[in-house]
Amino acid sequence: MARPRKRRRREAKKVPRSTATLEEYDRRSYPEGLVTRRQLREMGLSPGGHGPVAVLRCRYCAYRPDQSCNHPTRAWLYTVELARPKRVPTLAQEWALDRAMAARSTCPTCCRRYYFCLPLRTQGRCDPCARGYEPSPDTYFASTAPVTHRLAA
Ligand SMILES: [Zn+2]
Ligand SMILES: [Zn+2]
C-alpha cells in the first residue's frame with residue numbers, strides 16, 4: 001500500500017494570532033526580562049533546561065498584528081530568571097571526551113592515532129593496515145606516546 005508522500009510546505013501557513021501557543025512580541029517592544037538566545041549567551045547564561053516562553057516576531061509581521069508569526073526569522077525569547085550559568089566543561093569531562101576521541105581515532109593494529117576517526121566498527125583498523133600500505137605521516141600523530149592533552153589556557 002503506497003502512502004502518499006507528505007509534502008513539505010515551503011511557505012509558512014497563516015495562523016491567526018489568537019491560536020498561537022506562545023506569546024508574541026514585536027521587536028523593540030518585548031518586555032524586560034525576556035531575552036533572545038544570543039543575548040543569553042552574551043550574558044554567559046543558558047536556558048537552563050527551560051524552553052522559550054515567547055516569540056519575538058519577525059520584522060515582516062510587524063505589519064500584520066493579527067497573524068501569528070511562524071517565519072524562520074522569528075526568535076525565541078527566554079526568561080532571564082529561569083536561565084542558568086552556562087556549564088563549563090570540567091577537566092574530567094574534557095579528559096573523558098579526549099579519551100573517547102582517542103579511542104575512535106586510534107588503530108588497534110598499529111597503535112597510530114590519526115587526526116580523524118577510523119572505520120573501527122566496519123573495518124576494525126585503519127586503512128593502511130587493512131590494505132597494507134604506509135600511512136602518510138601527516139595523517140597521524142607523530143609520537144607514539146599517548147597524546148598529551150592540550151588545554152587552552
Ligand atoms: Zn513573521
Ligand atoms: Zn593501523
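These are my notebook entries on what I looked up in a predicted model of a protein chain.

**Ground rules.** I number residues from 1 along each chain as its sequence is written, and chains are lettered from A and ligands numbered from 1 in the order in which they are written. Since the model is predicted, I note that local features need pLDDT of at least 70 and side-chain atom pairs count only at pLDDT 80 or more, whereas totals for chains, interfaces and linings use all residues.

**Overall layout.** I looked up the secondary structure, taken as DSSP runs numbered from the N terminus (helices are H or I of at least four residues, strands are E of at least two), and found 3 helices and 8 strands in the protein chain. Along the sequence I read the pattern β-β-β-α-β-β-β-β-β-α-α. I then checked burial, where a residue is buried if 20 or more other C-beta atoms lie within 10 Å of its own, exposed if 12 or fewer, and partly exposed in between, with C-beta atoms placed from the backbone; of the 153 residues, 12% count as buried. For contacts, meaning C-beta atoms, placed from the backbone, within 7 Å, I noted that residues 24 or more positions apart account for 62% of those with a separation of 6 or more.

**Sheet.** I traced an open sheet of 4 strands in the order β2-β5-β7-β3, with mixed pairing, where two strands pair if DSSP finds at least two bridges between them. Its edge strands are β2 (23-25) and β3 (34-36), each of which pairs on one side only. Within the sheet, β5 and β7 run antiparallel and are joined by 3 bridges, and I found L56 opposite A75 in β7.

Leaving aside neighbours within four places in sequence, I listed Q67, C69 and H71 as the contacts of C61.

**V15.** Finally I turned to V15, which I placed in strand β1 (residues 15-16). V15 counts as partly exposed because it has 13 C-beta neighbours inside 10 Å. Beyond its neighbours within four places in sequence, V15 is in contact with A20, Q67, S68 and N70. I also noted that the C-alpha atoms of V15 and D66 are separated by 8.8 Å, although these residues are 51 residues apart along the chain.

How values were computed: Two residues are in contact if their C-beta atoms, placed from the backbone, lie within 7 Å.
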